[in-house]
Amino acid sequence: SERHHGGLFHFFCGAVVDRPAAEDLVQEVFIRILKYRRTYRDEGRFQTWMFHIARNVRNDHIRKRRPDQLTADTPEPAATGANQASAVGNADDVERLRRALLRLPDDRREVVVLARYHGMTHEEIAAVLRVEPGAVRVRLHRALKELRALIETMTTGERTCDANKSS
């Protein structure tokens, strides 16, 4: 359970929930894993099955939540590995990425988080989402394109604000 705790926590933080709610949702996943353990088939990856459960837990949570409970204070997903560490060079970039991720629609944010922060393949994500791998490729491509555009807009807006401050 310790091995999967961090990944689940960051999956929920990427789903627009605050830290205490993310901890509660992680615990709910572990409860459901125990409850539904007989439905796990050894031919699939445990991580795929676990994230399918996590997705259901998240969707249940979002359905129960009132719109005024949404928060923009969600921490960014924890980037792991040298590639992400070098790609996100400083605190401004991390914050810009976090804000851009929050602006993505839930289905696109979810695909980005699973692919980039959890290192899942298109086939694994397809199993979690119960769609075809081709659909995952299309969603991920569109999500990354939209994410890049959001970051570019934010960066340009910040440069404009900085230029206006100096004049």
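Keep in mind as you look around that the model is predicted. Start with the overall make-up: the protein chain has eight helices and zero strands, so reading from the N terminus you simply get α-α-α-α-α-α-α-α. Of the 167 residues in the protein chain, 38% are buried. Take the contacts between residues at least 6 apart in sequence, and 67% of them join residues at least 24 apart.

Now pick out helix H2, residues 19-35. With 17 residues at 1.5 Å a residue, H2 should span 24 Å, and its end C-alpha atoms do sit 24 Å apart, so expectation and model agree. Its buried residues are Ala21, Ala22, Leu25, Val26, Val29, Phe30, Arg32 and Ile33.

Helix H3 covers residues 46-64. The same check works here: 19 residues at 1.5 Å each should give 27 Å, and the end C-alpha atoms of H3 are 27 Å apart, which agrees. The buried set in H3 is made up of Gln47, Thr48, Trp49, Met50, Phe51, His52, Ile53, Ala54, Arg55, Val57 and Arg58.

Let's stop at one of these, Gln47, which belongs to helix H3. Is Gln47 buried or exposed? Its relative accessibility is 16%, and because the cut-off for buried is under 20%, Gln47 counts as buried. Setting aside neighbours within four places in sequence, Gln47 touches His118 and Met120.

What does H3 pack against? One partner is H7: the two axes are 8 Å apart, at an angle of about 40°. That angle makes H3 oblique to H7, and H3 passes H7 in a right-handed crossing. On the H3 side, the residues that meet H7 are Thr48, Phe51, His52 and Arg55, while H7 brings Glu124, Ala127, Val128 and Leu129. Sorted by class, this contact has four nonpolar, two polar and two charged residues.

H7, residues 122-129, has another partner in H6, residues 106-117. Here the axes come within 10 Å and cross at roughly 135°. That makes H6 oblique to H7, and H6 passes H7 in a right-handed crossing. From H6, Glu110, Val111, Leu114 and Ala115 meet Ile125, Val128 and Leu129 of H7. By class, this contact has six nonpolar residues, no polar ones and one charged residue. Look at Val128 and Leu129 in particular: in H7 they meet residues of H6, and they meet residues of H3 as well.

To finish, move on to helix H8, residues 133-166, where you'll find Val136. This residue is buried, with a relative accessible area of 0%. Which residues does Val136 touch, once neighbours within four places in sequence are left aside? They are Val111, His122, Ile125, Ala126 and Val131. Of these, Val111 also takes part in the contact of H6 with H7, and so does Ile125. Ala126 is worth a look too: Val136 and Ala126 are 10 residues apart along the chain, and their C-alpha atoms are separated by 6.1 Å.

Note on methods. Residues are numbered from 1 along each chain as its sequence is written. This is a predicted model: local features need pLDDT of at least 70, side-chain atom pairs count only at pLDDT 80 or more; totals for chains, interfaces and linings use all residues. Side-chain values use heavy atoms; hydrogens and water are left out. Helices (H or I, at least four residues) and strands (E, at least two) are DSSP runs, numbered from the N terminus. The expected span of a helix is 1.5 Å times one less than its number of residues. Buried means under 20% relative accessible area, exposed over 50%, partly exposed in between (1.4 Å probe, protein chains only). Axes are lines fitted to C-alpha atoms, for helices over the stretch in contact, and angles run from 0 to 180 degrees between N-to-C directions. Angles under 35 degrees count as roughly parallel, over 145 as roughly antiparallel, 65 to 115 as roughly perpendicular and the rest as oblique. A crossing is left-handed if the near helix is turned anticlockwise from the far one by less than a right angle, and right-handed if clockwise. Contact means heavy atoms within 4.5 Å. Ala, Val, Leu, Ile, Met, Phe, Trp, Tyr, Cys and Pro count as nonpolar, Asp, Glu, Lys and Arg as charged, and the others, Gly among them, as polar.
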